[in-house]
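Student: I'm new to this structure and would like to find my way around it. Could we go through it together?

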Amino acid sequence: MPERYSPLWELTVARTKEFVRQPEALFWVFGFPLLLALALGFAFRERSPERVPVGIAEGAEARRIAAILETSPALQPRIHSEQTAAEALRHGTISLFIRPLEGGVMYVYDPTRPDARSARMEVDDLLQRAAGRGDPLQRREEHVTERGSRYIDFLIPGLLGLNLMGTGMWGVGFSIVTARTQKLLKRLVATPMRKSDYLLSQILSRLVFLVLEVIALVGFGWLVFDVAVRGSLLLLGIVCLLGAMTFSGLGILVASRAETIEAVSGIMNLVMMPMWLLSGVFFSADRFPDWTQPFIRALPLTALNDALRAVMNDGLPITTMTMELAILTIWALASFGAALLIFRWK
């Protein structure tokens, strides 16, 4: 038995040492996701809503209207001439322009801009109240700031999934194609080693750093932004392990026939680009049209991100994510099986 598995062990150790000796690879695995989480986390951190700039046409009513609008914490009124207001609207310096009329006002804005529509509603409400309008219904508000509902809580699992995809595919795929271009694979053919030993060693060497990779990003989110893991740490580890194996398998499949770095780069970008855009890393995949949802839900990164958020943000058990885990398993087995069939040494 030891002799049977010695090629796999030696190849895994060699690939691991090769990875450690590449500082740029360590940066992309550990440094880049932390810097990205830090930048986006501070960009979308919890803070008071920004005031929406609103323009008011010069005239006798300008100061009175500005005084009314200044009572709102959501508006920032400014007095403009007609010429400067048109330019400010075009450049986005103001979201809404108010032109006083006899017995009323005119609102000038772009209805396709959400900030312009919300500013129009806020301004109209204030001016109608100032004119004597009353509210027949009593209103109450409850502001939600619960952990797990913030953007950073949504972002960290997405970045973790993105990193598992990137390091799995780029790390494994580039390693194989580099060995092929340097004629190393031709030498390995003469050794007492099976093709499956070589391909499995690529996956196992990738998994060596998985624990450190997950701890680094999840721990960073917890220490800096208070992003907690609400579910089971064991389940989180299982999801990450399955995701890493899935994308390592895809990386092997992509590199099975590629003969140059340029070729494998193009194929990898072609494979990963839809998942970068559609799989809900930076915003929810539900924003896309309904007819695209079956395709999006079948992507491995979508399944991985959904499972990670179910564990980290919602604390759900494994029984609620069987579909996501099944999709990842199918992708992992299918990609590795296809790679075994089409892989060539030279």
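Tutor: Let's begin with a strand: 6 of the 6 residues of β1 are buried, so β1 is largely enclosed by the rest of the structure. Buried means under 20% relative accessible area, exposed over 50%, and partly exposed in between, with a 1.4 Å probe and protein chains only. Please keep in mind that this is a predicted model, where local features need pLDDT of at least 70 and side-chain atom pairs count only at pLDDT 80 or more, while totals for chains, interfaces and linings use all residues. Residues are numbered from 1 along each chain as its sequence is written, and side-chain values use heavy atoms, leaving out hydrogens and water.

Student: Which residues of β1 are buried on one side, and which on the other?

Tutor: In a regular strand the side chains alternate between the two faces of the sheet. Both faces of β1 are covered. One side has Val52, Val54 and Ile56, and the other has Pro53, Gly55 and Ala57.

Student: How many helices and strands does the protein have?

Tutor: Helices (H or I, at least four residues) and strands (E, at least two) are DSSP runs, numbered from the N terminus. By that rule the protein comes to 14 helices and 4 strands.

Student: What is the order of the strands in the sheet?

Tutor: Two strands pair if DSSP finds at least two bridges between them. The sheet is open, has 4 strands and shows mixed pairing. Its edge strands, β2 and β4, each pair on one side only, and the twist averages 30 degrees from one strand to the next. The order is β2-β1-β3-β4.

Student: How many bridges join β1 to β2?

Tutor: These two strands run parallel. Val52 has Leu75 as its bridge partner in β2, and Val54 has Pro77. The number of bridges joining β1 to β2 is 6.

Student: What angle does the direction of α3 make with that of β1?

Tutor: Axes are lines fitted to C-alpha atoms, for helices over the stretch in contact, and angles run from 0 to 180 degrees between N-to-C directions. Contact means heavy atoms within 4.5 Å. Helix α3 packs on the sheet and touches β1, β2, β3 and β4. Its direction makes an angle with that of β1 of about 160 degrees.

Student: Is His80 buried or exposed?

Tutor: His80 is found in strand β2, which spans residues 75–80. Leaving aside neighbours within four places in sequence, His80 is in contact with Gly55, Ile56, Ala57, Glu58, Ala85, Ala88, Ile94 and Phe97. Its relative accessibility is 14%, so His80 counts as buried.

Student: What separates the C-alpha atoms of Val264 and Phe174?

Tutor: Val264 is found in helix α11 and is buried, with a relative accessible area of 0%. Not counting residues up to four places away in sequence, Val264 touches Gly173, Phe174, Val177, Val254, Ala255 and Ala258. Val264 and Phe174 are 90 residues apart along the chain, and their C-alpha atoms are separated by 7.4 Å.

Student: What is the phi of Asp226?

Tutor: Asp226 is in the loop between α9 and α10. With a relative accessible area of 37%, Asp226 is partly exposed. Although Asp226 is not a glycine, its phi is positive, at about 60 degrees.
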